[in-house]
Amino acid sequence: MQLPEKFIQRTEQMMGKRLFAQFCQAMDAEVPVSLRLNRHKMGTSAQVVGAQKRVAWCEAGYYLKSRPSFTFDPFLHAGLYYVQEAASMFLETVLRQLVKKPVVMLDLCAAPGGKSSLARDVLPDGSLLVSNEPLRARANVLVENMQKMGHPDVMVTNNYAADFVKSGLHFDVVLVDAPCSGEGMFRKDHDAISEWSVQNVKKCSQLQKDILIEIWKTLKEDGILIYSTCTYNLEENEDNVAWLTSELGAVPVLIQHDGEWGITGSLSGSLDAPVYRFMPGKTCGEGLFMAVFKKKGGGQVDLKKAKAKADKMKTSLSKPWLLAPGQFDIRQDTDSSLVAIPQAWSSIYHQASANLKVMYAGVKIGKMKGKDLVPDHALALSTALNTAAFPIFELDISQAIAYLRKESLPSPAYLPHGLVLMTFQGVPLGFAKNVGHRLNNLYPMEWKIKSGHIPNENNTILEL
């Protein structure tokens, strides 16, 4: 791999010759492929086809021997697993050590959703995750991925850090996976090499400080800040850690980890705070930097008392479609969609929807069309779905791929007319409407498989 000369000079000086030689050798090697099971849908009992070994710092993470054709695996579209870079799964170790009771957590720069979906997977029951992405196009991708994960205690927003300050919301845990110069993506994205410059490094470092100054105001006293980048340089990593401690009074937190994992500590001669570097050549994965902080203090803001609850919509149309309807408030959006908001954080949703761009929250049940309620695709993927409320059509692999391409399917004679839940190996994929001789496909147009390739074998990665 041809790296920028200035990057080579700076990085070798920072790492030292031995570590830099390991790094360069790894940069010319094949990129590791890894995935993480969605434990809220399937636990950890499934067999991962083609697994090479487990990811040491994430109990549901696996390295694969080679990269399969994920596009043609119905289980990926159903949200049973997430294809995620292994180093970023270290977030699980951090959260398991520090978060022991229900919290309200903000993932500020969350798209495409790897760390957010992992956070929601390991946070204690009763927690709420606010998964945010400032850029609208990326936020749409985040909505899709968080819907596939299916957890109802999630809110997806499209805002900047300053918007959260104005909203009055406060958080127990804040993750800032900061926009950075992307040095850790060189192996996966060669455009990141051509776009790299020292000037961009300095620009990103200042942007990170600007973000941290704002979002620090939303962190509760005694709250936890997790700061991460996918870059190697000191300016965006150790230098920002030093700035956080000196300017904001952030207290670094030590995370216990196994020495055999190959995690590297601080590469700055002037910083001895605990930081966690994942370096190709020492760890199996891409580049990642992470540091954890605590905000000193004792008082906390009770979000449950922040705002009065909004009026609940008086309807029972959707309630048979949910497993535990009594745990939700049913609300109607401006576009006539019905949304089920868990009562435990209904007041937070009210405050957020009044002050932020909320793109998705709880479970989107469906939309009224005349007198009919048409179910939303998110309902099919939610763990709150009551599958007994719908007739089920079990698909084979070829039918499942056709459904995911949004093709119509012939209707078997035994199916009643009306809404049908489409499943593959018992796993919901979405809805269709039986009109007699065919099933009208209700799969989202924007999510459909666009490839015209016809796979000649079963590409499923899991054996349930």
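Which residue stands opposite P375 in β18? In this predicted model, that residue is G366. The pair belongs to an antiparallel arrangement of β17 and β18, which are joined over four bridges. The two strands form a hairpin with two residues between them. In the turn, G370 has a positive phi of about 70°.

In a regular strand the side chains alternate between the two faces of the sheet.

Strand β14 (residues 328–332) runs antiparallel to β15, and five bridges join the two. R331 has V339 in β15 as its bridge partner. β14 and β15 form a hairpin with four residues between the strands. S336 in this hairpin takes a positive phi near 75°.

β15, β17 and β18 also contribute to a pocket. This second largest pocket has a volume of about 810 Å³. It is lined by 33 residues, and the closest to its centre are Q147, S337, K364, D376 and E446. At least two lining residues come from each of α7 (136–149), β15 (337–342), α12 (346–355), β16 (358–361), β17 (363–369), β18 (372–375) and β22 (427–434). By class, the lining comprises 16 nonpolar, nine polar and eight charged residues.

A further group of four strands forms an open sheet in the order β3-β4-β1-β5, with antiparallel pairing. β3 (51–54) and β5 (81–83) stand at the edges. Each has a single partner strand, so one side of each is left without a neighbour in the sheet. The twist averages 30° from one strand to the next.

Within this sheet, strand β1 (residues 33–37) and β5 pair over three bridges in the antiparallel sense. R36 has Y82 in β5 as its bridge partner. Helix α6 (residues 114–122) packs on the sheet and touches β1 and β5. The direction of α6 makes about 35° with that of β1.

Technical notes: Residues are numbered from 1 along each chain as its sequence is written. This is a predicted model: local features need pLDDT of at least 70, side-chain atom pairs count only at pLDDT 80 or more; totals for chains, interfaces and linings use all residues. Side-chain values use heavy atoms; hydrogens and water are left out. On a 1 Å grid over the protein atoms alone, a cavity is a set of points where a 1.4 Å probe fits but cannot get out, and a pocket is an open set with protein on both sides within 12 Å along at least five of seven lines; lining residues have an atom within 4 Å of a point. Grid points are joined across faces, edges and corners, and a volume is the space filled by probe spheres set on the points. Ala, Val, Leu, Ile, Met, Phe, Trp, Tyr, Cys and Pro count as nonpolar, Asp, Glu, Lys and Arg as charged, and the others, Gly among them, as polar. Two strands pair if DSSP finds at least two bridges between them. Axes are lines fitted to C-alpha atoms, for helices over the stretch in contact, and angles run from 0 to 180 degrees between N-to-C directions. Contact means heavy atoms within 4.5 Å.
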